[in-house]
Amino acid sequence: MYNRATVYILISILIVSVRAVRNDFFRSGPKNYYISPIKTNFFAARDHCIAHGADLATFDSIADLEAVSNFLIQHGYNSESNDLFWVSYWDLGRAQGLFHSIATGQLLTTSGWTHGQPDNAGGVEHCVQIWKRNGQYGMNDNNCNVNLRALCQQRTYFFPQKCCQYGHQNGNCN
Ligand SMILES: [Ca+2]
């Protein structure tokens, strides 16, 4: 059906394509993140993440958020007005202020709100973004229709010896 040269070319193209996608991600702790180059509303941002084998970012701890903050600042994402990124939390359909991850369904329990947030300004802020305030990134509730870049998190966690999916964040794959 295909000769050997054709197969070789197809495999080479596949490898180059995979590398191109993987190079879009950056490692922070045990997670791989990806920043979308385009600005969209919260829901389109999630679609963009999923198209890259990821989902909007979820923070398991304040250390998670701090590690991302350090990476972003070190790599030049320093603008308080332009470097804003959607993450996975929202409270639509829930009690006001009870933010859950659209990626995992888990309740947000991590502190990490920037000063005065969440404030549900204008009564229309139901999705969560991160922005730089007072020298580090923290969370803010915002209008889901605002166009921002997405901070995506690869769906798979990498551990030294194990590779686990959401719901098995303690490294136990069983
Ligand atoms: Ca707010």
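Q: What makes strand 2 and strand 8 a pair, and in which sense do they run?
A: Strand 2 and strand 8 are joined by three bridges in the antiparallel sense. Two strands pair if DSSP finds at least two bridges between them, so strand 2 and strand 8, with three, qualify as a pair. Within strand 8, Gln-153 is the bridge partner of Tyr-33. This is a predicted model, in which local features need pLDDT of at least 70 and side-chain atom pairs count only at pLDDT 80 or more, while totals for chains, interfaces and linings use all residues. Residues are numbered from 1 along each chain as its sequence is written.

Q: Which sense does the pairing of strand 4 with strand 8 take?
A: Strand 4 and strand 8 run parallel and are joined by two bridges. Phe-85 has Arg-149 as its bridge partner in strand 8. Strand 3, by contrast, pairs with strand 8 in the antiparallel sense over three bridges, and Ala-54 stands opposite Gln-154.

Q: Why is Leu-151 called buried?
A: A residue is buried if 20 or more other C-beta atoms lie within 10 Å of its own, exposed if 12 or fewer, and partly exposed in between, with C-beta atoms placed from the backbone. Leu-151 has 25 C-beta neighbours inside 10 Å and therefore counts as buried. Leu-151 belongs to strand 8; strands are DSSP runs of E with at least two residues, and helices are runs of H or I with at least four, both numbered from the N terminus.

Q: Why is strand 8 described as largely enclosed by the rest of the structure?
A: Five of the six residues of strand 8 are buried, so the strand is largely enclosed. Strand 6 (residues 125-133) is also largely enclosed, because eight of its nine residues are buried.

Q: Which residues touch the most other members of the largest nonpolar core?
A: A nonpolar core is a set of buried Ala, Val, Leu, Ile, Met, Phe, Trp, Tyr and Cys residues joined through C-beta atoms within 7 Å. The largest such core has 33 residues, and those touching the most other members are Leu-56, Phe-85, Trp-86, Val-87, Ala-150, Leu-151 and Cys-152. Strand 4 gives the most to this core, with five residues.

Q: Which residues does Leu-151 touch, not counting residues up to four places away in sequence?
A: Two residues are in contact if their C-beta atoms, placed from the backbone, lie within 7 Å. On that basis Leu-151 touches Tyr-33, Ile-35, Leu-56, Ala-57, Phe-85, Trp-86, Val-87 and Ile-130.
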